[in-house]
Amino acid sequence: MQTTLIFTITVISVPLPVIGREWGLGQSSLVLLSAAYGLSFSGLLLFGGRLTDRCGGRRMFTAGLVVFAAASMVAALAPGSAALTVARFAQGVGAALVAPAAVAVLRRVFPDPVGYGRAMATWGGLSVLGATMGSLFSGIVATWLSWRWMLAVPLVVAAVAAVVTPRLLPADTQYGRAPLDLPGALLATSGITLLSFGLVVTGEHGWTSAMVLGPLAAGLVLLGVFVAVELSSADPLLPMSFLADLRRVTALLVIALSAAGTAVVSLLLVLYLQQIRNWTPLRTSMAFLPYAVVLVVIGRLSGRLIARWGAQRVTSTGLALAAGGLLLLAGVDPHTGYGLGLLPGLVLLPAGVALSFSAGSVLALSDVRPRQAGLAGGVLNTAMELGPTAGLALLTALSTARTTHLETAGASPPDTTTSGYAWAFGAAGFAFAALTAVTALTGRTRPHRSG
């Protein structure tokens, strides 16, 4: 189910221009349509995790599936952009209940620390794969059928999962009905949603515009108030002690950056292939096939590698490989060939991301008490959602700045745009390299304990 939740984020990325032409949508409407799912998903994850710890993993997993399936049906049948945008927002609400509950249920299904570590490694690999599968299959389906068929996939998966959940998942164990900390939930949801929205609209508005600065400032203020409220609360939504572990914080950064790296390549490479190279959506999707294959293969191997070499070492190795893949892609130009130019980076990057994401997930959830399993799932998924939002905003801004600089100097549009993409890939590669060093240093402070 985790694959489907992430798959749903990118399911309309490739056919988005087709949807815009079909309904005559402007840029602002397309941005909102694309971001609606992620805004509600990321904003409600902490609250969803808290509900899981209070009400039980299986119960919240089932409730989230019902909401997600109903919203997916509306999305597939939406008569217009307004209905589709609302349905995508509702999908995110259901996903915010399902994702942390799934992590909590895994803890119940695999009580043994070794088994749980392997399960979380697999979970991490599936999460990264979901985003790539959305980009891969959406172009194929949109070419031969209709983009609506892609929106039917989450409905079918959620409906099947809802039917089998009572039979396959263990009954819930209650740890006590603690207060829900509604003020903290409201502040966290509002702050994260506004911050995410501000970052999303940077692609259409300048960083100094009111449309960007307003939501960003309001989001940061609300999150600051949230921290103050949590520090004074007897039973906070997010205990600050949960983030006191430097290793856990570093692992969350690894997850955020790994998700961001995947998102940046998925977006900018799609733009490069369709706008610069004039590739069709179908051919563009096929370009990501090796990427998806590597994710699947390395994702299946990651659990064994973590068990043998340790999560810390696998995380550092994965970050280094991902950095190498991004730096290879940074050499792109308007005439770069696929086989020798793009393919090496599209093999090295997913191998590294699969390893770093899987091992980072294990590190982030190590030493988490069972009664905080939902909280841990909420925090983990929040990092996974905010990473691409912030990463895309910053790197596309860098790409745009590079393009504008070259255009001012008189360079031709294909060269300027491609150079902007290359700079974004290079900056992401250096970010991975820097986090590789940080991860290696934090790994020496304290040995990893699973469980």
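**Exercise 1.** How many aromatic pairs does a search of the whole structure find?

*Solution.* The search turns up three aromatic pairs. Keep in mind that this is a predicted model. Let's work through one of the pairs, Tyr37 and Phe41. Step one: the ring centres sit 5.6 Å apart, and rings count as a pair if their centres lie within 6.5 Å. Step two: the planes meet at 65 degrees, so the pair is edge-to-face, given that the label applies over 60 degrees.

**Exercise 2.** Work out how Tyr37 and Phe41 are placed along helix H3.

*Solution.* Start with the helix: H3 covers residues 27-55. Tyr37 and Phe41 are four residues apart in it, so about one helical turn separates them. Now the general rule: an α-helix has 3.6 residues a turn, so residues three or four places apart point the same way.

**Exercise 3.** Are Phe288 and Tyr291 buried or exposed, and what kind of aromatic pair do they form?

*Solution.* Both Phe288 and Tyr291 are buried. Their ring centres are 6.1 Å apart, with 70 degrees between the planes, and that makes an edge-to-face pair.

**Exercise 4.** Which residues lie over the faces of Phe242 and Trp279?

*Solution.* Take Phe242 to begin with: Arg248 lies over its face, 4.6 Å from the ring centre. Then look at Trp279: here it's Arg283 over the face, at 3.9 Å from the ring centre.

**Exercise 5.** Compare the reach of helix H14 with its expected span.

*Solution.* H14 runs over residues 338-364, which is 27 residues. From first C-alpha to last it reaches 36 Å, close to the expected 39 Å. The helix is also mostly covered, with 19 of its 27 residues buried.

Methods. Residues are numbered from 1 along each chain as its sequence is written. This is a predicted model: local features need pLDDT of at least 70, side-chain atom pairs count only at pLDDT 80 or more; totals for chains, interfaces and linings use all residues. Side-chain values use heavy atoms; hydrogens and water are left out. Rings of Phe, Tyr and Trp (its six-membered ring) pair if their centres lie within 6.5 Å; planes under 30 degrees apart count as stacked, over 60 as edge-to-face and the rest as tilted. Helices (H or I, at least four residues) and strands (E, at least two) are DSSP runs, numbered from the N terminus. Buried means under 20% relative accessible area, exposed over 50%, partly exposed in between (1.4 Å probe, protein chains only). A charge sits over a ring if NZ of Lys or CZ of Arg is within 6 Å of the ring centre and within 35 degrees of the ring normal. The expected span of a helix is 1.5 Å times one less than its number of residues.
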